[in-house]
Amino acid sequence: QLQLVESGGGLVQPGGSLRLSCVVSGFGLDNLDEYAIGWFRQAPGKEREGVSCISGNGDITEYQPSVKGRFTIYRDRPKNTVYLQMNSLKAEDSGVYYCAADYTPYGDYVGLKRYEYDHWGQGTQVTVST
C-alpha cells in the first residue's frame, strides 16, 4: 500500500530555515500525479492543523495564513517527493510535521481538511528554539 516517509526535521533557531521532505512509495497502477499531498503539524496540547497542500497536477497550492509568505510547498515528480521549504521560522512553528496523501485521480483538487486524507506518514519533529 501507499507509504509516506517524512524527513528533514530538527532543531533550528528563530529566523532559521528548514526543508522537509515527503517521499511517497507503494504505488499500484497509479502515481504521484493522482494524489494531493498535504503537510500538517501538531504542537503539544493542540489539535493537528493543516499547514500547506498541493494538488496532484501541481497547479493548486494552499497555505494556512500564519505561514503564507514564509513556507513554500513544491514537488519533484521524478523523485516522487513533495517538499516543504520553511523560512523565517518562529517558535510557534514547532511541532511534529506529518505529510498525508489523498487519492484524486484527476489531479485537480486539494484541501487542508484532515478528514480528506487517507494515508499518513509517521511524522518528523521540528523545534524552533534558542
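**Close-up 1. Cys53, a buried cysteine.** Cys53 is buried, at a relative accessible area of 0% (buried: under 20% relative accessible area, with a 1.4 Å probe and protein chains only). Its closest cysteine sulfur belongs to Cys22, 13 Å away, which is too far for a bond. The model is predicted: local features need pLDDT of at least 70, side-chain atom pairs count only at pLDDT 80 or more, and totals for chains, interfaces and linings use all residues. Residues are numbered from 1 along each chain as its sequence is written, and side-chain values use heavy atoms, with hydrogens and water left out.

**Close-up 2. The disulfide of Cys22 and Cys99.** The structure holds one disulfide (a pair of cysteine sulfur atoms within 2.5 Å). Cys22 and Cys99 form this bond, with sulfur atoms 2.2 Å apart. Distant parts of the chain are linked: Cys22 lies in strand β3 (residues 18-25) and Cys99 in strand β9, 77 residues apart (strands are DSSP runs of E, at least two residues, numbered from the N terminus). The S-S torsion is about 70°, so the disulfide is right-handed. Cys22 is buried at 0% relative accessible area. Cys99 is also buried, at 0%.

**Close-up 3. Asp102 in strand β9.** Asp102 sits in strand β9, which spans residues 95-103. Asp102 is buried yet has no salt bridge (a side-chain nitrogen of Lys or Arg within 4 Å of a carboxyl oxygen of Asp or Glu). The nearest side chain of opposite charge is Arg75, 12 Å away (Lys and Arg count as positive, Asp and Glu as negative; His and the chain ends are not counted). Leaving aside residues up to four places away in sequence, Asp102 touches Glu34, Tyr35, Ala36, Glu116, Tyr117 and Asp118 (contact: heavy atoms within 4.5 Å).

How values were computed
Helices (H or I, at least four residues) and strands (E, at least two) are DSSP runs, numbered from the N terminus. Buried means under 20% relative accessible area, exposed over 50%, partly exposed in between (1.4 Å probe, protein chains only).
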